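Colleague: I have a model open and want to learn to read it. Where do we start?

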Amino acid sequence: MPTYIVLLGPPGAGKGTQAKIISEKLGLPHISSGDIFRENLKNQTELGKLARGYIDRGELVPDDVTIGMIRERLSRPDCKPGALLDGFPRTTTQAEALEEMLREFNGRVSAVPYIKVPEKVLIERLTGRWTCRAEGHIFHETFNPPAKPGVCDFDGSDLYQREDDKAETVVHRIRVYMEQTAPLIDYYREHGTLLELDGTLPIDQVTDDLLEGLEGRIAA
Ligand code: AP5
Ligand code: MG
C-alpha cells in the first residue's frame with residue numbers, strides 16, 4: 001500500500017526545508033504545490049499564467065485548478081510508493097478531494113506532521129529566506145546561510161528572494177493560512193493522523209522529532 005504524508009504548517013514553518021531532508025530517507029518523492037506553481041511561472045505555461053496573480057498577492061489558487069494539478073502529479077510512476085506532500089491540501093475541499101483520489105490509488109493519508117511556529121518568527125524567516133533558482137534549495141541569511149552569499153551550496157545556482165516573501169505579502173499569506181488552512185489541524189486531529197512538532201527548534205532537531213514521530217505511523 002502506498003504511503004502518503006502531508007506536511008502541514010503556516011508559511012515559513014519549515015515544510016520545504018524538512019521535506020528536502022526526509023524525502024530521500026523515506027523513499028518518497030517530495031511534491032510541493034508551491035514548487036510546481038513556480039516551475040509553471042518560470043516556463044510561462046497556461047497554468048503558470050493563471051496562477052501568477054494569486055501567488056503574487058499571497059492568495060490561494062482556486063481549488064479546482066490545484067486539485068487537478070496534484071491529481072496529475074500523483075498519477076505519475078514515481079509516486080507509486082506514495083508521496084510526501086508539502087503545501088497541499090490547504091483547504092477542507094482540497095483535503096476531501098485528496099482522500100477521494102487516494103482511494104483510487106488504494107492509499108490514504110498515513111500521517112500529518114504539523115510544524116508549529118509563532119507568527120513573529122514566521123515573518124523573520126520568510127523575509128530572510130533565499131531560494132535556489134535551479135532546484136528550490138532553501139536557505140536563510142541568518143538561520144541557515146549558504147557558504148557563499150547568493151550561491152546555492154548544493155548546485156552552485158543563483159539564490160533569489162521569492163516575490164511573495166515581501167513583508168506585506170507575508171502578513172497576508174499568514175492571514176490566508178489562518179482562515180483557510182488552519183481548520184485542517186482539527187480535521188486531521190479528528191482523523192487521528194496529526195503529529196504536532198515544535199518548529200522553533202533548530203532544523204536538525206525538528207528533523208529528528210519528525211522522523212521519530214513517523215516511526216510506527218507509516219508502513220515500513
Ligand atoms: P508555498 O510555496 O507552499 O508557500 P507556503 O506554504 O506559504 O510555505 P513556504 O514555502 O513559504 O514555507 P515553508 O514552510 O516551506 O518554509 P521553508 O522550509 O521554506 O506556496 C506559495 C503560493 O502558491 C501560495 O501562497 C499560493 O498562492 C500557491 N499555492 C501553493 N499551494 C497551494 C494550494 N494547495 N492551494 C492553493 N494555492 C496554493 O522555511 C522558511 C525559512 O525558514 C527558510 O529561510 C529556512 O531556511 C528557514 N527555516 C526553516 N526551518 C527553520 C528552523 N527550524 N529554524 C530556523 N530557520 C528555519
Ligand atoms: Mg515551501
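Modeller: With what surrounds the ligand. A residue counts as near a molecule if one of its heavy atoms lies within 4 Å of it. Keep in mind that this model is predicted.

Colleague: Which residues come nearest to ligand 1?

Modeller: T17, E59, R90, R129 and R173 come nearest, out of 36 residues around ligand 1.

Colleague: How many nonpolar, polar and charged residues does the shell have?

Modeller: Sorted by class, the shell around ligand 1 holds 15 nonpolar, 12 polar and nine charged residues.

Colleague: Which elements supply at least two residues of the shell?

Modeller: Four are listed: α1 (15-26), α2 (33-42), α6 (119-127) and β6 (138-140). The largest share comes from α2, with four residues.

Colleague: Now the polar contacts. What should I look for?

Modeller: Look for a pair of N or O atoms within 3.5 Å. Here, a nitrogen atom of ligand 1 sits 2.8 Å from a polar backbone atom of G87. An oxygen atom of ligand 1 is 2.8 Å from a polar backbone atom of F139. R162 uses its side chain: a polar atom there is 3.1 Å from an oxygen atom of ligand 1.

Colleague: How much of the accessible area of ligand 1 does the protein cover?

Modeller: The protein covers 97% of the 1,000 Å² that ligand 1 has on its own.

Colleague: Is D164 buried or exposed?

Modeller: Buried means under 20% relative accessible area. D164 has 7%, so D164 is buried. Leaving out residues up to four places away in sequence, D164 touches I55, T169, V170 and R173.

Colleague: Back to the helices. Which residues of α6 are buried?

Modeller: L122, R125 and L126 are the buried residues of α6. They span an arc of only 90 degrees around the axis, so they lie on the same side of α6. Their cover includes β5 (129-132), β6 and α7.

Colleague: And which residues are buried in α1?

Modeller: K15, G16, T17, Q18, A19, I22 and S23 are buried in α1. Among the elements covering the buried residues of α1 are β1 (3-7), β2 (30-32), β3 (82-86) and β6.

How values were computed: Residues are numbered from 1 along each chain as its sequence is written. Chains are lettered from A and ligands numbered from 1 in the order in which they are written. This is a predicted model: local features need pLDDT of at least 70, side-chain atom pairs count only at pLDDT 80 or more; totals for chains, interfaces and linings use all residues. Side-chain values use heavy atoms; hydrogens and water are left out. A polar contact is a pair of N or O atoms within 3.5 Å; within protein, one must be able to donate a hydrogen and the other to accept it, and residues adjacent in sequence count only if both atoms are side-chain atoms. Accessible areas come from the Shrake-Rupley method with a 1.4 Å probe; for residues, only the protein chains shown count as cover. Ala, Val, Leu, Ile, Met, Phe, Trp, Tyr, Cys and Pro count as nonpolar, Asp, Glu, Lys and Arg as charged, and the others, Gly among them, as polar. Buried means under 20% relative accessible area, exposed over 50%, partly exposed in between (1.4 Å probe, protein chains only). Contact means heavy atoms within 4.5 Å. The arc is that of the directions from the helix axis to the C-beta atoms.
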